[in-house]
Amino acid sequence: MNKNILLSINKLKLYFPIRGGLIGSRIKGYIKAVDGVTFNIYEGETLGLVGESGSGKTTVGRTIIQLYNPTDGDVIFKGQNLKDLKPEEIRKSRRYMQIIFQDPYASLNPQMRVSEIIGRPLRIHKLVTTKAEETERVNEILNMVGLQNSYRDRYPHEFSGGQRQRIGIARALVTKPDFVVCDEPISALDVSIQAQVVNLLERLQSELKLTYLFIAHDLSMIRYLSTRVAVMYLGKIMELARSGDLYENPLHPYTKALLSAIPIPDPILEKQQKRILLEGDIPNPANPPDGCNFCTRCPLAIELCFKVEPEYREVEDGHFCACHLV
Amino acid sequence: MQYLIKRLLQTIIVVIGVSIFAFGMTFLTGDPTEVILGDGADRMSVEEINEFRVKMGFDKPWYVQYFDFTWKALNGDFGYSFIRHKPAYEVITERLPATIQLAAVALVISTVISIPLGVISATKPHTLIDFIVTMIALVGQSVPSFWLGIIMILIFGVYLKWLPISGSGSWQQLIMPGITLAAFSLARNMRLTRSSMLDFFQKDFVRTARSKGISENRVVYIHVLRNSLLPIVTAIGLQMGYLLGGSIITETIFGWPGVGREIISAINSHDIFVVQAGVMMLALIFTFVNLIVDFVYAWVDPRIHY
Amino acid sequence: MTQDISPLTDKKSIKSQFFIRLFRSKTALIASVILLLVCFSAIFAPIVAQKDPASLSLMRRLKAPGFVEKSTNLQFILGTDTLGRDVFSRLVYGARISLVVGLSAVLLSGTIGILLGLIAGYFGGVTDSIIMRIADIQLSFPTILLALAIMAILGPGLEKLILVLGLTGWVQYGRIVRGQVLSIKQEEFILAARATGERNWSIILQQILPNIWSPIIVIASFSVASNIISEASLSFLGVGVPPQIPSWGIMLSEGRQYVGIAEWLTIPAGLAISFTVLSINIIGDWIRDYLDPKLKNIM
């Protein structure tokens with residue numbers, strides 16, 4: 001695995017304004033979907049990003065590729081700070097950073113044929129000059145994702161969920177990007193299909209030299225896929241470590257609770273498993289607690305946790321954590 | 001509450017827009033002087049035309065004119081009718097009751113006939129009755145009202161001599177214009193009632209009511225009709241616009257002395273201020289009727305809160 | 001990969017499905033036939049009418065249907081009008097006017113309405129507010145009134161009429177399109193298009209528009225009918241098409257004074273309008289049901 005940094009995200013913030021007032025002009029507050037997130041993504045790795053619903057993981061992915069405009073913070077892609085780019089330049093850079101969406105039923109235009117869906121990115125970025133070239137490239141990527149050439153003239157509704165997801169993958173990869181955000185790409189699929197798609201994604205990663213940000217809420221799948229894993233809660237990263245380190249040696253109480261909840265296939269071990277149950281309410285994302293975001297539900301919280309926000313720092317080699325107790 | 005305020009603000013903007021339009025009407029060909037003088041301008045010398053222009057204030061910049069216009073309008077001064085020799089405002093307002101009477105009668109005829117027929121047609125779908133009703137509705141929406149009026153005059157006025165063909169004052173004279181004006185709305189409401197009720201019959205809560213053993217009549221009238229009334233009420237409110245516009249044609253055919261007929265004759269005699277006043281009056285009435293309908297709707301439908 | 005795929009539905013079989021269903025509905029079929037007749041008459045007017053609708057002769061004014069002019073041996077199947085013109089020819093050429101106005105006005109108002117609806121829906125913000133305010137103001141006038149007022153000032157004229165009808169009729173398209181755009185904008189495939197780096201107008205025209213044709217087509221078909229009636233009404237009142245042009249509305253306004261004396265002046269024209277509009281309405285209904293039964297509440 002290369003140690004070159006492909007993406008550097010620094011104190012990234014995305015706040016959604018809550019509007020009120022007669023014409024909707026007055027801003028009542030902000031939903032802090034992403035609240036100061038910092039990490040690097042190295043070339044060729046798969047960085048897993050986990051968290052519960054509302055943790056901000058999907059928003060982070062979309063903000064990195066500039067689908068949402070960051071409220072604050074930097075995204076430095078291949079050495080270039082995207083903040084400094086004009087909208088047209090960002091548009092051009094999109095061929096290098098792509099996204100695979102979660103819902104295969106909503107992410108494909110029902111009125112477009114497969115060949116059109118996959119061919120568009122090529123045309124938008126002027127990567128092909130003739131129709132024949134485009135057809136060739138589209139066929140090439142179709143085969144790579146395991147679909148037949150004859151499927152090109154069909155419409156999305158003629159395909160199953162798994163196949164549609166492959167089309168989505170083909171669309172994301174046709175421009176040969178460097179970086180791909182995988183936004184829960186298998187969550188909406190049948191379990192039997194999930195493994196197939198995951199294997200496909202792995203194979204493509206090595207064939208096309210891709211770097212993934214893999215967003216999911218299935219911890220066991222993430223462990224299998226990722227080089228490193230980050231855990232998010234309410235817009236902030238709680239812990240980030242190499243995959244093995246995180247699962248063997250979790251430092252943050254939230255991570256520990258999550259891991260303890262993973263079902264174990266062996267029934268005897270499963271019975272012996274001690275579950276850490278989280279009690280308390282999830283704070284309002286528009287009004288997070290003063291101290292650590294997790295303090296309202298943390299079983300180990302001390303007084304300091306409610307007052308001062310813990311610093312996100314490197315505790316051991318390559319192992320980051322934001323907790324006062326570490 | 002917020003909704004009401006929003007709606008009011010919207011209405012004010014609309015009223016301003018209406019006034020701008022009414023004011024701007026005379027500028028459509030560039031020079032209001034020409035519009036007013038019409039053909040008479042040919043017989044006048046250039047000096048006379050200019051005199052006229054200054055007298056009427058058309059030489060002033062447009063925003064000054066607009067201000068004058070609005071100011072005068074608020075005071076009820078819409079200019080003078082050269083033909084009727086009265087202030088335009090009076091010409092319009094004295095004919096307003098007749099138009100409102102006609103529109104009201106048409107509204108009543110339309111509602112009273114369309115809803116029961118729509119209900120019948122919905123409760124016995126795909127039967128002969130339904131077919132007849134639907135056909136009448138289709139025809140009613142397709143036949144131009146003025147032709148309907150002419151035909152009615154022909155049949156009931158000329159051939160059968162049952163009804164008077166023009167003028168106002170007696171209830172007999174109200175019948176044909178009333179029906180003519182009501183025809184389109186009637187047809188539309190019939191179909192709307194029918195389709196609205198049919199939609200509701202599909203809904204789950206009706207099935208529940210039926211399975212509870214409630215008598216079919218109760219189901220029809222209380223459960224389904226009540227709910228389907230909402231879109232019908234909106235439609236009726238919206239039809240005020242059509243009725244006001246359609247009154248122009250109906251009044252012309254039957255010689256009904258209302259605002260509509262006056263507007264037409266004013267157009268033909270180039271009595272521009274009367275046209276302006278009439279158009280503005282009808283538009284304003286329409287706007288306020290819409291506002292009231294919206295309020296009633298918001299009051300009736302507990303789900304609306306903007 | 002042996003997953004279930006639904007049967008291939010290529011575009012050809014969709015077209016044949018269209019005609020199969022058309023033939024199943026007898027009323028729609030009859031309506032189509034009538035409409036085709038009207039269109040045929042309009043396009044091939046000279047052949048169908050065989051006479052010049054403008055040729056007048058006071059010698060043969062107000063002759064009843066079936067009249068044969070002795071000097072020329074010409075048959076006037078529907079009689080002549082107040083200026084001796086052939087009623088039948090005027091009827092046939094009148095079809096031209098109605099269709100031309102009906103279709104052109106729809107084209108104009110549709111284009112404006114779709115464009116403004118797309119812009120308002122996609123870009124939102126101030127532009128959206130402004131467009132919607134203008135729409136509201138326009139809607140605060142009963143349509144006939146608005147067209148009437150403008151035509152009254154401008155004077156009769158075919159192009160003016162089309163322009164006015166087109167400019168006043170855009171709102172219904174604008175509203176529907178805007179609503180559709182607002183709901184589609186949120187769909188993930190639009191987000192995906194932006195993620196791919198597609199430009200806004202490309203997304204609007206090539207991704208969103210193809211998904212919202214159905215309601216537009218339905219509105220357009222009913223619009224043609226209402227425009228035909230508007231033209232007839234305005235011409236009837238004297239503010240539509242200039243009196244020299246044969247329009248069904250003008251025929252009715254001229255014939256009105258002779259009700260009871262010369263019914264052939266008013267009945268054929270009225271029937272023509274009624275049947276044409278009726279056919280369009282029937283077909284419009286059918287199209288709406290064919291495209292999407294859920295659209296019933298729009299009209």
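This is a predicted model: local features need pLDDT of at least 70, side-chain atom pairs count only at pLDDT 80 or more; totals for chains, interfaces and linings use all residues.
Stop 1: Where they meet, 13 residues of domain 1 of chain B are in contact with 12 residues of domain 2 of chain B.

**Stop 2: domain 1's side of that contact.** Now highlight α1 (2-25) and α2 (32-37) of chain B, each of which supplies at least two residues of the side touching domain 2. The largest share, 9 residues, comes from α1(B). Colour this side of domain 1 by residue type and you'll get 9 nonpolar, 3 polar and 1 charged.

**Stop 3: along α1(B).** Stay on this helix: α1(B) has 24 residues and runs 34 Å from its first C-alpha to its last, close to the 34 Å expected at 1.5 Å a residue. Show side chains for B:V14, B:V18, B:F21, B:A22 and B:F23, which are buried. While you're there, remember that an α-helix has 3.6 residues a turn, so residues three or four places apart point the same way.

**Stop 4: over to chain C.** Bring chain C into view: the contact takes 40 residues from chain B and 36 residues from chain C. On the chain B side, select α1, α6 (128-142), α7 (145-159), α10 (216-254), α11 (259-268) and α12 (272-300), the elements that give two or more residues. Which element gives the most to this side of chain B? Click on α10(B), with 8 residues. Finally, colour the chain B side by type: 28 nonpolar, 12 polar and no charged residues.

Note on methods:
Residues are numbered from 1 along each chain as its sequence is written. Chains are lettered from A and ligands numbered from 1 in the order in which they are written. Two residues are in contact if their C-beta atoms, placed from the backbone, lie within 7 Å. Helices (H or I, at least four residues) and strands (E, at least two) are DSSP runs, numbered from the N terminus. Ala, Val, Leu, Ile, Met, Phe, Trp, Tyr, Cys and Pro count as nonpolar, Asp, Glu, Lys and Arg as charged, and the others, Gly among them, as polar. The expected span of a helix is 1.5 Å times one less than its number of residues. A residue is buried if 20 or more other C-beta atoms lie within 10 Å of its own, exposed if 12 or fewer, and partly exposed in between; C-beta atoms are placed from the backbone.
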